[in-house]
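Hi there,

Here is the structure I promised to pass on to you. Have a look at it first, and then read my notes below.

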Amino acid sequence: MSMDEESEASTFPVEDSTSDIPVDYLLSLSRTAKEAVEISRAEVTYDDMPEYRDKLLNKKNSYTHFAHIYFERYTKLSKIIRNKWKDCEAKHVNKILNVKPNELCYLVGTVYMEMQNKPNILAELSRNNWEPAPILKEKYCSPTDEFWLDDDSGRIKIVGDRLKEEIIVSGIIMSVLGKENSQGEFEVSDICIAGLPKQPEQPEQIYPRIQMNIDRDDDKYVALISGLNIDTSGISETRLQIMMEYFTGELGCFHEQKNISSKIARIIIAGNSLATAKPVPDERKQKKYGYDNSLYDAEPLNNLDNFLEKLCSLLPVHIMPGQNDPADSTLPQQPILSNLLPKVGTNPNFHSVTNPYWCKFDDVTFLGTSGQTIDDIYKYIEIEDRLIIAERTLHWRHMAPTAPDTLWCYPFKDVDPFIIDQMPHVYFIGNQKEFATKLVKGIDQQCTRIILLPSFAESGIVVFLNLNNLKCHTIYFPSTFF
Amino acid sequence: MSTFSTRNKKKANAPSSFENQLALLQDSESANAEKAHQVWTRPSVPNIDPNRDSIIFQQIEIDDTIDPESREPIIRMFGITEIGNSVLCYVTGFRPYFYIPAPIGFKENDLSNLQKQITRAIQPENSLKKPIERIELTFKESIWGYHGNKKSQFLKIIFSEVRAMNVARRLIEDGAIKYNERQLREMTFESNISYVLRFMIDCKVTGANWIELPPKNYNLRTNSLETSTCQLEIDIKYDRFISHPPEGEWSKVAPLRILSFDIECAGRKGIFPDPTEDPVIQIANMVTRQGEKHPFIRNVFTLNSCAPIVATDVIECYDQGKMLQAWRDFVIEVDPDVIIGYNTTNFDFPYLLDRAQHLNVKKFPYLGRMKGIKTEAKDTKFSSKAYGTRENKFINLEGRLQLDMLQVMQRDHKLRSYTLNSVCAHFLGEQKEEVHHSIITDLQNGNDESRRRLAIYCLKDAILPQRLMDKLMCIINYLEMARVTGVPFNYLLSRGQQIKVISQLYRKAFEQNLVIPALKSEGSDDQFEGATVIEPERGFYNVPIATLDFSSLYPSIMIAHNLCYTTLLDIKDIDKLGDVDYITTPYNNAKFVKVHHRKGLLPTILEDLLSARKKAKADLKKETDPFKKAVLDGRQLALKISANSVYGFTGATVGKLPCIEISASVTAYGRQMIEKTKQEVESQYTIANGYQHDAHIIYGDTDSVMVKFGVDNLVDAMALGREAADYVTRKFVKPIKLEFEKVYFPYLLINKKRYAGLYWTNPDKWDKLDTKGIETVRRDNCLLVQNVIETCLRKMLIDRDVSGAEEYAKKTISDLLQNKIDMSQLVITKALSKSDYSAKQPHHELAERMRKRDAGSAPTLGDRVAYVIVKSTKGAAAYEKSEDPIYVLENNIPIDTNYYLENQLSKPLLRIFEPILGDKAQSLLAGDHTRVVQIATPTIGGLMKFAVKTATCLGCKTPLSKKDTAVCRHCKPKLGELYQRQLDTVNKLEVHFARLWTQCQRCQGSLHQDILCSSKDCPIWYMRKKAQKDVQDANNLLERFNYAW
């Protein structure tokens, strides 16, 4: 494979604070200068965190009320929030119904937002089928939105300017301080949410390593990719090929191999490995009233299988399902059935996992989703910055508050698997518009590296996270060789 | 307040928590007082000086009573003053009377003798000393027939009380009185009208008008003499008060207090609540002042504790009897003028009364305004040609009006279903949570939270009738109707159409010195030829069809030809009368004199009504105030209905004054006019006369003709339509007027009184899709039929896409046969009424079967039974094939899709497609799209007991051996494809499930509580149940792929 060195793999401008990898320097070195030195791939210990895994895999086939999941959420999180008001002089009202007018008090409840732009199946069904379907807006929010606070006793409308200062969406557990006014509304003067969770005590804390902020020879990387969007069009094929070569070490100089490629211990693919299937309408074809097998196209899956087979021959790969992947579409998405990927399915390096996904590499805890959680919250608020949204979910201690109201999820009976009860070290969100990252630090030295992953097919970006100091950088893979 | 109205609009498409709305109801009035007890009592009465102040009130009900001492009849007028004080006005001195023709040669001095004779005859049956007040000799004219305008002698016999009058009437009509040695047998006149109506006519009191009592003319009763709970009690002579006609300033409406309530009973499973067993557990109340948007009193009486509800008084009672008593005290204190609710007349009131009696709450059944008059529920039967026969309860609440919204709905609107839920969905665009009565008891037996939940439900049921009434402006429309026709408000719901015409007839006759004979009503089945039509030329017209209508056809005919009782000419009389100008009508040579001899009474009434309507409509255009607009609109509607009912009155053979000559002449004229219009139009608009095309009448109905002018655009068609209407109008006698109203384009003419078309009144934009006689609201059809027909018509007429309509029909049939139609579309509902049907009915049979399965959840009398038709043995009757939709879902029972295709869909579909496709229409029902059929495999019943369950290949349905888990050997290569297909199904169902169940959470207004709603009228209900089962089934199938392939 001959190619111009300049264009082989250029790095994407990375956020200053997170990466000081001398990529330009790497590229300036010739690939031919490879030294005949054995480079072995970095290895990490892997913990699939069964305490979370089992909850997320626990989609028993029992479809009942959604009230249970709200109840679990409320029970778990309200305790924490109540504790935070401990020193508050205001009275605590334990049931929303017991609020008395004009009495300063605080209450805890689940937020419910009444929004006219929310998709409404009842309206859709009552609509006569000749009426045009209402256009679904990108955002649900509108000036007429109302906030309500709900618990198992009832609900109350909450009002006040304080609400506008806060990011609030349906399903979060929140506490409000204020008074009920004459209209029966609760005028909020202050708000409290659960706040950042703690990180479990560990013998060697990561925090100091981050403080030191140095790169070391024993650095290990985890590559994070999302949105491979493999289809039959071959558009992303070149990009995938270049990336593959990067991982095999065929691409890049020895220095790069030594400093990065070989240090990549794991790859996580965060959703949308396949592109959305677009059935090709054929006008000439006679309409079939029954099952039509011509719509199924096995090609993309085979392509993915081949790609993963190669990848898994190099290093362990964790694949999470996304919106477009052949898995169930409600959260938590269950692992892609390995039968669908016959070549790679039995490979020990192949890990088909859930979305959302918790795991631990060495002592670094990862939490990631394929993006649906943040995408849905995004619709509730005017804020465009998804990094802020992702950070808020940590503060809410809940990664998918809008489930089940608008984000479809399984009706769990005695657990809410979306509660974030410990601060992950890395929190990645797949299939976002663009790459962004931020290190969030809490008062108890807990910290989380938040990473928004852009779609690889669109951006060509892969994110590399240094397990040692939680710094990350990106590498850009072009879609053509030239 | 303004925020509420915007909310409401929003609510229309996003039904949600009722609590949210309650919260918003809390208005500023109770703002400062902390959880202020809402004020129940009426505003206090200002100081009144009977010598200086007049009392002015709007009377809302008039009835009569007998003075306990003098035994003379007294009129009671209940009313409300402008500031909201309640008034009871006793009107004394008015005496009942009737007329008889004076015997020949009767003289003034014969009067006392006659009075003696009649008195003597009455006395054995009447203990009064002086049953007859006096007899007057008057000159009157009978309304029946033309007599050359000559008055004759009539005796006006005035009685001291009503019963004496009735006895006398019978005796005189039977000839049981001797006078001057001769039998006195006479027809009586004006003897069959009630005392109240007589009073209203003579004193010019109309329904719900304003009454002024001038100073010095009335006597204000002091507390000790008060007989009622009204704030003011007054005596006045019948000729001393002023009755204001409801015009101008006096068309206002007093601040009536309207109580809307609902009760909940804790029934036992499977048994309709029985007042001797099952307690009343909650009563929710909303009190609103007429004209205000929101109730100012919102409360709920609960048995046992109940958690607080925002903006609502919760009145907890711990004893059933005390709760009933507390509610009764509440009603008396609030003193509502109007009591409304949903099915209150036949359920809530009787139940409360029976329950109170059972619990021995002695003070309870006094809910009216009169002290000491017990409220009772009596059975009444009401039958009317227009409304059919209904058996109802009658609840006497003296001085209060009752408006059971269920009865209003049944009277005024034709709907698929009359449950509160479906009525609200229809008019308010809202679904409401419905709690099944078996759950109610569980909620009651829970804790204060669960009872609170019940209370919210109950409160919602209490406010909905009010909102329904506001939306439909029932009070205003009924008030206007009462004013226009001059009958008391109560008559409008309890009596038929006739009484309204009678009231007007008597009023006019009174003015003109005419007297009306009291005919014995004879039920004759004389059917005269109705309005036939010009035979329709069936077909699909893709050119504009102009419609020419006669405005108010029947009233116009009566006016134009002076048709009336008073102008009817007996052939025998013609010679006697000599020179007389008359017309002969097309019916049986009936003859009526022309207007210069005598102007008919009915034409006068009709002219008044029509001109009043014209005026109301003109005022309506000018008026800007929405409330006054509503009043005017209600009035013009009432006037229109009244004008049209005059014709019906003359034709009602069992009526008070039927006159076949009038009614048959009217329809005969009508037919003639339609024919004449056809001739005129077709002979004028011809190519020979210089027009582009020959016009052609394709159809003519009672009062309209459809003209095909041949032009292909709307502008020309409208111009020609207008021209033709004017042209033809000139050929008719005034005030008959042919009007051009609309153009149908395209137009689908199916048959007599069955057509559909796109309705245009201006050439730029169509107004609506108009259909007549096409199955859309028939209740024994399933929703699917309605949807398919409507959609097909839309596609044909609006999109002009006939092949699209065909395609849609085929697709639906294909979906039906493949079991892809949602169950809610196939459900047929019928109310379970009396169980002694001779013919077997599907819903009865089903109810019986359900009772055997589980008596607890089986429908009981009065419930609506929903069923679907399922597959059964060949030749089984439809009633054997009905099944509970839920049972069908749970047991996978196959639907008899052929039944739906053949018995439900095919006829209506063919009907609309035949005019277009001709014989080809049959191809809709057979062909490719009907070849793929899917039938569910039932899990119970019949042969299934013997069947062995074997897994089949998910690809080709071959039975599998034990080793295989998803597919057979041959389908193995297709595993990936099959898995993905199943996955797609699961995904769709999962999302569907999540969307439906979260929607119900939104609707019930709580995230933390399970969904209880079982409203079968909600489009989601079956879907929600089905989604739950489907998603589980689909997931089970999906799990079969979980093995190494």
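Let me start with a term you will need: two strands pair if DSSP finds at least two bridges between them. Strand S5 and strand S21 (residues 514-515) of chain B meet that rule, pairing in the parallel sense over two bridges. Within this pair, B:Glu141 stands opposite B:Leu514 in S21(B). Please keep in mind that the model is predicted.

S5(B), which covers residues 132-142, also has a partner in strand S6 (residues 152-159) of chain B; that pairing is antiparallel, over eight bridges. Here B:Leu137 stands opposite B:Leu155 in S6(B). As a bit of background, strands of a sheet pair through backbone hydrogen bonds, either parallel or antiparallel.

You can find an open sheet of three strands in chain B too, with the order S32-S33-S34 and antiparallel pairing. Its edge strands are S32 (828-831) and S34 (882-883) of chain B, each of which pairs on one side only. S32(B) is joined to S33 (residues 864-869) of chain B by four bridges in the antiparallel sense, and B:Ala831 stands opposite B:Arg864 in S33(B).

Now for chain B as a whole. It has 28 helices and 34 strands. Its radius of gyration is 34 Å, which agrees with the value near 31 Å that a compact globule of 1045 residues would have. The C-alpha trace of chain B spans about 120 × 90 × 55 Å along its principal axes. Of the 1045 residues in chain B, 57% are buried. Chain B carries 144 positive and 130 negative side chains, and the centres of these two sets lie 2 Å apart.

In chain A, the peptide bond from A:Leu331 to A:Pro332 is cis, with omega near -15°; A:Pro332 sits in the loop between strands S10 (317-320) and S11 (350-352) of chain A. Another cis peptide bond runs from A:Asn355 to A:Pro356, with omega near 0°.

Which phi does A:Asp362 have, positive or negative? It is positive, at about 50°, although A:Asp362 is not a glycine. A:Asp362 lies in the loop between S12 and strand S13 (364-369) of chain A, and is partly exposed, with a relative accessible area of 26%. In chain B, B:Ser552 has a positive phi of about 40° and is not a glycine either. B:Ser552 belongs to the loop between strand S23 (545-550) and helix H15 (553-560) of chain B.

Enjoy exploring!

Best wishes

Note on methods: Residues are numbered from 1 along each chain as its sequence is written. Chains are lettered from A and ligands numbered from 1 in the order in which they are written. This is a predicted model: local features need pLDDT of at least 70, side-chain atom pairs count only at pLDDT 80 or more; totals for chains, interfaces and linings use all residues. Side-chain values use heavy atoms; hydrogens and water are left out. The radius of gyration is taken over C-alpha atoms; the globule rule is 2.2 Å times the number of residues to the power 0.38. Buried means under 20% relative accessible area, exposed over 50%, partly exposed in between (1.4 Å probe, protein chains only). Lys and Arg count as positive and Asp and Glu as negative; His and the chain ends are not counted. The place of a charge is taken as NZ of Lys, CZ of Arg, CG of Asp or CD of Glu.
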